[in-house]
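Visitor: I am new to this structure and would like to learn how to read it step by step. Could you take me through its features, giving the general idea before each case?

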Amino acid sequence: MDEVRILEIKQSVFANNDQRAELLRRELKEKRIFLLNLMSSPGSGKTTTLTRTIERLRDEFKIGVMEADIDSDVDARTIAATGVKSIQLHTGGMCHLDADMTRQGLDGLAAGDVELAVLENVGNLVCPAEFDTGAVKNVAILSVPEGDDKPLKYPLMFQICDVVLINKTDVLPYFDFDMEKCRENIRMRNPNARVIPICAKTGEGVDEWADWLRAEVKAWRG
């Protein structure tokens, strides 16, 4: 049997994206635009958390939001109702955004007058974690109903995150969710990640999260 030639293309594809992401980050730094990449499973409360965040920060920063989904414009309309600039990005069936797609979104957002740009990535815990979008910081939301074992099952997502928001704390009494065990599982993957329990519905913990984001934006903008 003839020898089979195997080409490892995954590494080169990621390397190319990493270069483009780093270039985008440098450009954002020059323009003093802070880009946040927000990731989570579907239904974890990304859009509600983002709405609460906007309520806390819209008087301090010019905010623009890119809502990435395979289809629909539901989330973009929800965010637009808060009074900030919002656009919907359709990925054409792809389950993530990469640096070039993010750049296109920023161009569509006309981010020149935006100080804080937020990318609400496609909802899943696998693909978005694999592609550097050029964001300054990565944040993951883990909701209580999903379970405290998700950092063990989806390690890369938690390894790349600067902050993990544990959302829907109001339903803790109804689920078998161990907060301390979840913290331990996150530390196993990423000892530097900050963990902030929140309830986007009631606003509990959102001030701590907004304080962190406010400080990061100000530091990035110099």
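Visitor: Which residues touch the most other members in the largest nonpolar core?

Guide: As a general idea, in soluble globular proteins nonpolar side chains tend to be buried together. Please keep in mind that this is a predicted model. Its largest nonpolar core has 45 residues, and those that touch the most other members are Leu-116, Trp-209 and Leu-213. Helix H9 gives the most to this core, contributing 7 residues.

Visitor: With which residues is Leu-116 in contact, leaving aside its neighbours within four places in sequence?

Guide: With those neighbours set aside, Leu-116 is in contact with Phe-34, Leu-57, Phe-61, Lys-62, Ile-63, Gly-64, Leu-213 and Val-217.

Visitor: Let us turn to charged side chains. How many salt bridges does the structure hold?

Guide: The general idea is that side chains of opposite charge can pair when their charged atoms come close. Here the structure holds 19 salt bridges. One of them is formed by Asp-207 and Arg-56, whose closest N and O atoms are 2.7 Å apart.

Visitor: Where in the chain do Lys-137 and Asp-162 lie?

Guide: Lys-137 is in strand S5 (residues 137–143), whereas Asp-162 is in the loop between helix H7 (155–159) and strand S6 (163–167), so that the pair, 25 residues apart, links distant parts of the chain. Their side chains meet in a salt bridge, at 3.9 Å from N to O. Lys-137 is partly exposed, with a relative accessible area of 21%, and Asp-162 counts as partly exposed at 26%.

Visitor: What is the relative accessibility of Lys-150, and which residue forms a salt bridge with Lys-150?

Guide: Lys-150 has 14% relative accessibility and counts as buried, because buried means under 20%. Its salt bridge is with Asp-149, the closest N and O atoms being 3.1 Å apart, and Asp-149 is partly exposed, with a relative accessible area of 25%. Elsewhere, salt bridges that share partners join Arg-52, Glu-55, Arg-56 and Asp-207 into one network.

Notes. Residues numbered from 1 in each chain as written. Predicted model: local features only at pLDDT ≥ 70, side-chain atom pairs only at ≥ 80, totals over all residues. Heavy atoms only, no water. Salt bridge = Lys/Arg side-chain N within 4 Å of Asp/Glu carboxyl O. Helix = DSSP H or I, 4+ residues; strand = E, 2+ residues; numbered from the N terminus. Buried < 20%, exposed > 50% of the residue type's maximum accessible area, 1.4 Å probe, protein only. Core = buried A, V, L, I, M, F, W, Y, C linked by side-chain atoms within 4.5 Å. Contact = heavy atoms within 4.5 Å.
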